[in-house]
Amino acid sequence: EKAKRFFQEFYRDGPDGHKEFPYREQLAALARRDQVALWVSLDDVAEDEPELAEAVVENVRRYGRVFSDAVHELLPQFGSAEVRQ
């Protein structure tokens, strides 16, 4: 659930002052088949969920599957629709 929440809610403040949701954008690109992999920055995870980042570092294989499962669960929500802000 933490991985899914991270992908849906993590944002950065863009140069124009608007929120940018890099993982929502990547999920939408995956759903449209414009992208074939989702790239996750461990720094982003650590900023949002420090405990989750530590767990990832301690067990990369397990959390690779956890993040992969989260992506597979979320993709149907993104379909071919534009990214929801």
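Me: How many helices and strands does the secondary structure of the protein chain comprise?
Reply: The model is predicted. Along the sequence, its elements follow the pattern α-β-β-α-α-α-α. The total for the protein chain is five helices and two strands.

Me: What is the radius of gyration of the protein chain, and what does the globule rule give for 85 residues?
Reply: Taken along the principal axes, the C-alpha atoms fill a box of roughly 35 × 30 × 20 Å. The chain is as compact as a globular protein of that length, because the globule rule gives 12 Å for 85 residues and the radius of gyration is close to that, at 13 Å.

Me: At what angle do helix H2 and helix H5 pack?
Reply: Helix H2 covers residues 22-31 and helix H5 residues 60-78, with their axes 9 Å apart. The two helices are therefore roughly perpendicular to each other. The packing angle is about 75°.

Me: By class, which residues make up the contact of H2 with H5?
Reply: From H2, Arg 24, Leu 27, Ala 28, Leu 30 and Ala 31 take part, and they meet Val 71, Leu 74, Leu 75 and Phe 78 in H5. By class, this contact has eight nonpolar, no polar and one charged residues.

Me: Which feature does UniProt place at residues 2-78?
Reply: This span is 69% helix and 5% strand, and its end C-alpha atoms lie 18 Å apart. The unreviewed UniProt entry gives the feature here as "domain: MCM N-terminal".

How values were computed: Residues are numbered from 1 along each chain as its sequence is written. This is a predicted model: local features need pLDDT of at least 70, side-chain atom pairs count only at pLDDT 80 or more; totals for chains, interfaces and linings use all residues. Side-chain values use heavy atoms; hydrogens and water are left out. UniProt positions are given in the numbering used here, feature names are shortened, and annotations may be inferred rather than shown by experiment. Helices (H or I, at least four residues) and strands (E, at least two) are DSSP runs, numbered from the N terminus. Axes are lines fitted to C-alpha atoms, for helices over the stretch in contact, and angles run from 0 to 180 degrees between N-to-C directions. Angles under 35 degrees count as roughly parallel, over 145 as roughly antiparallel, 65 to 115 as roughly perpendicular and the rest as oblique. Contact means heavy atoms within 4.5 Å. Ala, Val, Leu, Ile, Met, Phe, Trp, Tyr, Cys and Pro count as nonpolar, Asp, Glu, Lys and Arg as charged, and the others, Gly among them, as polar. The radius of gyration is taken over C-alpha atoms; the globule rule is 2.2 Å times the number of residues to the power 0.38.
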